Amino acid sequence: MTIILGLSGSLRRASINTGLLRAARDAAPDGVDVVIGDISGVPLYNGDLETAHGTPPAVARLVEQLAQADGLLLATPEYNNGIPGVFKNAIDWMSRGDGLALFVGKPVAVIGASPGGFGTTQAQSHWWPVLRTLRTRPWWDGRLMVSRAGGLFDADGSLTDDKTRQMVADFIVGFSASVAGKDRA
């Protein structure tokens with residue numbers, strides 16, 4: 001079984017990016033499990049908090065999920081042409097101490113949905129220096145940016161557009177094959 005940890009950078013209950021992750025989970029091929037993690041309980045990083053209390057429980061859960069995962073799928077919103085602060089903060093916490101080693105060599109892909117016309121082009125591009133610093137193994141063969149997403153998701157944040165569902169399915173099949181090493185000669 002190939003396990004992919006999916007993280008959404010949105011805290012909204014009806015987030016379209018969380019909905020994009022659910023669509024990826026639902027479209028995952030046999031033998032692939034997309035586990036959706038939750039960053040909502042991650043506090044703002046504070047070294048004093050870390051020194052006094054250690055790793056917060058919400059972060060410890062994410063680190064444990066990352067340790068069990070064969071790959072990492074980030075569903076990023078785009079705020080002011082960049083990475084959402086809460087999302088970067090969660091990754092910063094996860095990379096503290098022994099967590100950093102879990103990112104090294106980990107296959108990673110970035111997807112995103114936005115109501116705007118450019119999808120999440122800028123946010124996805126801003127993730128690459130972070131993921132390079134963490135020494136992950138980015139999947140360069142696929143890119144999924146869902147633009148004008150407002151009409152593609154229902155009020156609960158579930159993807160309803162068949163064309164976009166197929167794009168998500170194609171993406172997750174390709175990424176999961178890469179994670180499992182089946183795309184290498």
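## Salt bridges in the predicted model

The count of salt bridges, each a side-chain nitrogen of Lys or Arg within 4 Å of a carboxyl oxygen of Asp or Glu, comes to four. This is a predicted model, in which local features need pLDDT of at least 70 and side-chain atom pairs count only at pLDDT 80 or more, while totals for chains, interfaces and linings use all residues. Residues are numbered from 1 along each chain as its sequence is written, and side-chain values use heavy atoms, with hydrogens and water left out.

| Pair | Closest N to O |
|---|---|
| Arg-13 and Asp-156 | 3.8 Å |
| Arg-96 and Glu-50 | 3.1 Å |

Helices (H or I, at least four residues) and strands (E, at least two) are DSSP runs numbered from the N terminus. Arg-13 pairs with Asp-156, and the two are 143 residues apart: Arg-13 is in the loop between strand 1 (2-8) and helix 1 (16-27), Asp-156 in the loop between strand 6 (144-146) and helix 7 (162-179). Accessibility is classed by relative accessible area as buried (under 20%), exposed (over 50%) or partly exposed (in between), using a 1.4 Å probe and protein chains only. Arg-13 is exposed at 67%, whereas Asp-156 is partly exposed at 47%.

Arg-96 forms its salt bridge with Glu-50. Because Arg-96 lies in the loop between helix 4 (85-94) and helix 5 (99-103) and Glu-50 in helix 2 (residues 47-53), the pair ties together parts 46 residues apart in sequence. Arg-96 is partly exposed at 40%, but Glu-50 is buried at 18%.

Lys-88 and Asp-92 both lie in helix 4, four residues apart, or about one turn of the helix. Lys-88 is partly exposed at 28%, and Asp-92 is partly exposed at 28%.
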